[in-house]
Amino acid sequence: MHKAHSAADAEVVQAFRAYEERERIANTKVGCALVVTLMPAGSLLDYFVYPDKLWPFFIIRLLCSASAAVIWFFLYSELGRKSSKWLGVVVPLLPVVFIAGMIMVKDGFASPYYAGLNLVLLAIGAVLHWTLMESIVAVTLVLFIYILAGVAHGPLPPSGILFNNFYFISLMDIIVVVGTYFQSRQRYREFALRFELDKNRSMLKESNEKLMELDQIKNRFFANISHELRTPLTLLLSPLETMLHGKDGQFDAKSRNLFSIMHANGMRLLKLINDLLDLVRLESGRMEVKREPLEMSAFVKGLVGAAQQMADTKGLTLETSVEPGLGPVLVDRDKLEKTVLNLVFNALKFTPKGGVVALAVVKTDAQLILTVRDTGVGIAAKNLPFVFDRFWQADNSSKRKYQGVGIGLSLVKELTEVQEGTVSVASEEGKGTNFTVRLPFIKAEASSPPKSDQDLDGNQIVSTPKAEESPREQSEEWLSNLYRRAELFPTIAPAVEAAPLADVQKNGTHPKLLVADDEPDMLRFLKLQLSSHYQVIEAVDGQQAVDKVLQFLPDVILLDMNMPEKDGLQVCRELRQHESTLSIPIILLTARADEETKLAALSAGANDFLCKPFSTSELHVRIKNLVESHHFKEKLAKQNEVLETTIEQLKETETLLVQTEKMVSLGRMSAGIIHEINNPLNYATTGLFTLRAKSKHLAPEQRAEYDEILRDVEEGISRIKSIVLDLKTFTHPDTEQMDLVDVTSIVASALKFLGSEWKDKVHVEQKLASRLMVRGNRNKLLQVFVNLLQNSLDATKQKTYVGEQPTIWIEGSVENDKTVLLIRDNGDGVEAEAINKVFDPFYTTKDVGEGMGLGLTICYRIVQEYEGRISVRSERGKFCEFRLEFPAEG
């Protein structure tokens, strides 16, 4: 990437240098023109300042202009253009040299003509595009020439005049150098932007040409592939129709059902191919308009008959109206039929059960107006500008509810425009849509009987070849009839409503299989193929699939990738989050065979996937293998569960034995340590008392340091005593009399004892039930609360708080005959791996010198002594909570 950027930058720099070279020539010519013009004009200044030198200075000025003129004309030659770099430096130095000569002749450093040098410097910055180094050299030469002229003249003028002249020349030098620097950078940035823009424009033009070429290739490919697909598809449909219209009893019901599915989907495919061919013809400009007389009433009635079956299946009302007296109209029947059918089928697809789809035909003086109105879901206002775009879909996700390829409405627009008409849409989301087609109204003198492949009831008619027709004529007639019936066939199968969650036979001997697919024909096909070996449960969308899986817990699941509500991947992810469905095998069906789709399916939790089209034999084998594997895993899981329970019981017993032995050993060791430490502590305490009495004999300036040392020693001895006391409590449990102890009183005492630790530092919240009692020794229970609260206070010190304050919550209540106490803090928490060790003796996460690790162990022993239970839960960096449970006292 860095090398690519470097190469691009080098290209820009090289182009910039070439550009600057051209600009330098032009700017140098401008500089020559200024010198030729302005130097002689300076004689006017000579007339007023140095009238005695008017003519000599005039000759000097003419010589300067002549020199600039020679350079000017020289720049038009090839040699001059090659020498433009150094000539660009010479041109501004010409007036500098000649003006310096005038300064040398008259007044030297006192001459007011130093201002002329400033003008030259200004010209360098404004006209000549120099680099930073060139401008530094130029201003240095100007200053040097001025000094030479002043020194050559002779005596120096007063210091004020000398400082004034040098100040303004130096100031102008700085302005020119800084200005040249920023001007050079700005020129480079502007050039780089123009260069990139030109380059992108060139690339865009080249890409556009390639896209146009690819578009032409695409159109040719669509045309060729569509023609090639028609032949094998026709050879499939012809024998299917023969079998479907054969003698009754020739095939069983299951076979005829399969033939019907195959024929319906073959007709849908042929309709899509014909639509693609129409789009290619429209784009290539090869589609002609063939107008013929058409009786609109009969035409609309025939179209409604073709769509009535789909309307009845969805539970919709299909209404029509034709303006009375409309009479025959000259239109292109084929194109108008495709236009209206696409609009009607589109309205039926997007209108829910109980809705209305209305087709109306009216005329004005110059227009024939066809309107298709529905009470469906409507179109969002932001999507209205795109509804007629090719292959556009309002919902392109894998869980869209309405299927399709986005051809129909695009074809409507282009077929209407080729007939010199227009189509428009008006819609309100949630209320419905209104499509309006406007065509030129041309009155026909006579009408021909409407051609229709349906009877008055809308039933399909299959033409029977006439005996006198030749085989070629019969074949052409059958093909024409087939293509026309395909036009009347909806490209989208009517969506089925979600089936209710019905019960499955509980005593079935076959494994349960859930099949989820929103395509009715695919669902019907899979059920026909699998129902002999499995109890098939159907689902028509992703949400229903999840609900039925959770209800029936099937042995295997077969999911389509693209479904409404939730797609196959989302269903997989949801089922893998439930414990009961975690191990149920899932097979995904998808039309995409790319690697990314396969990885997405496996990542979502699918066990296997099949790409459409698939072999039913392969489907059977894969389902069988997954079911057997699932049953085997279930048996293995049950055995593992028994083994794990047994092992857990053994571990608990072993842990209890180890803990008991550990406590006994620690008790013996701690008793010895206490005895050995107490005696030296007594000697140290006595010695400390004696040393403190000696402090009064010290000098006042030494006494403060002496007392501080004694306090440090006393603090250390106090800590040792505290540790010994904890060890004593741990090794010699108190057998004092137990009483009913008020929890509220104990908490108050513990907080008072630790008041210096938490007041004005930590917020403490208490929520204790009234008369909450625990049976035990008050001192021991107080020690439990002091240790736990001290632990919480230490945790809050280890955390930096942002947007919250250190807080400790103390709660108490009675739950299920137990007194439950909670002590929770929002401190640093405990690591997950340390949770099981916090009650072990001498285990601590604190720094050396901040604790022995006995506080929580003592709490654990005391709570157990009173037939209670203590547990801890924590999340690192967020909280730690201790839960104490004691037998409830009335």
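Before the first stop, a word on how helix packing is described: axes are lines fitted to C-alpha atoms, for helices over the stretch in contact, and angles run from 0 to 180 degrees between N-to-C directions. Helices (H or I, at least four residues) and strands (E, at least two) are DSSP runs, numbered from the N terminus. Please also keep in mind that this is a predicted model, in which local features need pLDDT of at least 70 and side-chain atom pairs count only at pLDDT 80 or more, while totals for chains, interfaces and linings use all residues. Residues are numbered from 1 along each chain as its sequence is written, and side-chain values use heavy atoms, with hydrogens and water left out.

**Stop 1: two helix pairs**

Select residues 542-552, helix H15, together with residues 568-575, helix H16. Their axes are 9 Å apart and the packing angle is about 25 degrees. Angles under 35 degrees count as roughly parallel, over 145 as roughly antiparallel, 65 to 115 as roughly perpendicular and the rest as oblique. H15 and H16 are therefore roughly parallel to each other. A crossing is left-handed if the near helix is turned anticlockwise from the far one by less than a right angle, and right-handed if clockwise.

Now select helix H11 (residues 333-349) and helix H12 (residues 408-418), which pack at an angle of about 150 degrees with their axes 9 Å apart. That angle makes H11 roughly antiparallel to H12. Which hand does the crossing of H11 and H12 have? The crossing is left-handed.

**Stop 2: two residues with positive phi**

Stay with H12 and move on to Glu 420, in the loop between H12 and strand S6 (422-428). Glu 420 is not a glycine, yet its phi is positive, near 65 degrees. Is Glu 420 buried or exposed? Buried means under 20% relative accessible area, exposed over 50%, partly exposed in between (1.4 Å probe, protein chains only). At a relative accessible area of 64%, Glu 420 is exposed.

Next, select Asp 107, in the loop between helix H5 (84-105) and helix H6 (114-126). Asp 107 has a positive phi of about 75 degrees although it is not a glycine. Its relative accessible area is 33%, so Asp 107 is partly exposed.

While you are here, click on Val 105, which is found in helix H5. Val 105 is partly exposed, with a relative accessible area of 42%.

**Stop 3: a nonpolar surface patch**

Switch to a surface view and select Leu 132, Met 133, Ile 136, Val 137, Leu 141, Ile 174, Val 178, Tyr 181 and Phe 182. Together they form a nonpolar patch with about 780 Å² of accessible area. Patches are made of residues with over 30% relative accessible area and no salt bridge, where like charges are joined within 9 Å and nonpolar side chains (Val, Leu, Ile, Met, Phe, Trp, Tyr) within 5 Å. Accessible areas come from the Shrake-Rupley method with a 1.4 Å probe; for residues, only the protein chains shown count as cover.

Helix H7 (132-153) and helix H8 (159-244) each supply at least two residues of the patch, and the largest share, five residues, comes from H7. Tyr 181 lies in H8 and is partly exposed at 33% relative accessible area.

**Stop 4: salt bridges**

How many salt bridges does a search of the whole structure find? It finds 20, each a side-chain nitrogen of Lys or Arg within 4 Å of a carboxyl oxygen of Asp or Glu.

Select Lys 431 and Glu 428, whose closest N and O atoms are 3.4 Å apart. Lys 431 is exposed, at 57%, and Glu 428 is partly exposed, at 43%.

Finish with Arg 883 and Glu 815, which meet in a salt bridge (3.5 Å, N to O). This pair links distant parts of the chain, 68 residues apart: Arg 883 is in strand S19 (residues 879-887) and Glu 815 in strand S16 (residues 807-815).
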